[in-house]
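Biologist: Can you take me through this model? I'd like to start with the surface.

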Amino acid sequence: MMDKKLRTAEEKQTRYFLFCRLRNEGASAEDIAERLLGPHSSPTALYRDLRQEGFPVCQDCGAYSADETFCREHLREIEQKRARGAPPLGGETMKLPPASKAEDLFREAIAELSELIDPPELPANLSGWQKIREKRKRRQTVGSLEEYLQGECIVSYSVEDRAIAAVQDRAIAAVQDRANAPVIYRENYTAEVWQEVCEEQGVDPSEERIVFEEISAIPYGAKKAPAEILVKLIGAYVLADKPLKPLVEILNRAPGTVDCVKLDNHIHGYSTESRRHIPGMLDILRLIATEVRGGTGRRGPFEELTDKEV
């Protein structure tokens with residue numbers, strides 16, 4: 001990895017030549033950025049650095065660009081945006097409600113997401129049944145989530161930490177009604193998962209169901225997507241504009257097989273050969289935010305010019 005704070009013209013030239021060589025060899029933009037800037041660096045940050053050092057690099061895609069900022073392809077896109085025109089600004093001017101009024105709602109949403117990772121302690125003054133209900137709620141956290149891939153489905157269930165469960169369950173065993181204990185069924189699980197749960201609970205694997213005397217597991221079933229807990233947290237991670245590579249390396253059993261371009265398309269959208277824009281996650285969120293704010297939501301790419309393009 002090259003030193004991020006280059007000191008001499010020779011070092012700058014060396015980095016640019018290495019950048020050109022890696023591009024010609026077909027290295028991915030993400031790998032080049034990490035090699036020249038450091039772990040989890042973005043390609044656009046590298047392009048911007050090279051441009052500021054005086055090298056002919058498009059700040060948007062890294063291609064050769066003799067123009068001031070963008071390559072010819074992106075200059076053509078900018079001209080097309082200008083030709084299509086910016087969103088109309090005519091009509092009555094109306095001041096929108098201050099966004100600060102929603103601060104408490106945002107805090108509440110962020111707090112609920114945080115509790116999926118760090119659940120709060122159980123209050124000491126809860127009754128037996130209140131403890132049972134709160135325990136079930138707190139078990140639905142990412143720390144207790146276990147998942148298995150079977151075919152195209154992800155089998156999810158939640159299991160408490162055994163040391164904590166032993167103490168808590170003994171404290172409420174006297175008030176727990178067997179009829180209200182959670183039940184899981186063999187047909188909803190892989191043979192591997194069923195064998196593991198049966199061993200943990202001391203049940204014969206030939207049984208068709210398990211009634212948990214001590215609340216220690218909650219099944220989420222088999223779905224095409226992971227458990228909703230993980231869907232929400234991954235979505236929040238993406239919205240925080242954090243790099244996906246570290247997350248993929250941790251959560252995917254074969255990270256090298258992940259199509260990063262496809263992931264990026266899911267997030268930012270993409271254009272087909274016929275120039276039809278397929279919206280991504282951020283496009284949909286912009287549309288939702290626009291309509292929540294009282295604007296006119298239109299499907300398609302958001303083509304407003306940036307301050308660099310005006």
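Biologist: Which helix gives the most to the nonpolar patch?
Modeller: Helix α12, residues 281–292, with four residues. Helices are DSSP runs of H or I, at least four residues, numbered from the N terminus.

Biologist: Is Ile288 buried, partly exposed or exposed?
Modeller: Partly exposed, because its relative accessibility is 46%; buried means under 20%, exposed over 50%.

Biologist: Which residues of α10 are buried?
Modeller: Pro246, Leu247 and Val248. The buried residues of α10 pack against α9 (228–239) and α11 (260–268), with contact meaning heavy atoms within 4.5 Å.

Biologist: What is phi at Asp241?
Modeller: Near 60°, a positive value in a residue other than glycine. Most residues other than glycine have a negative phi. Asp241 is in the loop between α9 and α10.

Biologist: Which element has the lowest mean pLDDT?
Modeller: Helix α7 (residues 162–172), at 41, while α9 has the highest, 92. pLDDT is the predictor's confidence in each residue, from 0 to 100. Over residues 161–181 it is below 50. Where pLDDT is low, the predicted coordinates should not be read in detail.

Biologist: What are the ground rules?
Modeller: Local features need pLDDT of at least 70, side-chain atom pairs count only at pLDDT 80 or more, and totals for chains, interfaces and linings use all residues. Residues are numbered from 1 along each chain as its sequence is written, and side-chain values use heavy atoms, leaving out hydrogens and water.

Key:
Helices (H or I, at least four residues) and strands (E, at least two) are DSSP runs, numbered from the N terminus. Buried means under 20% relative accessible area, exposed over 50%, partly exposed in between (1.4 Å probe, protein chains only).
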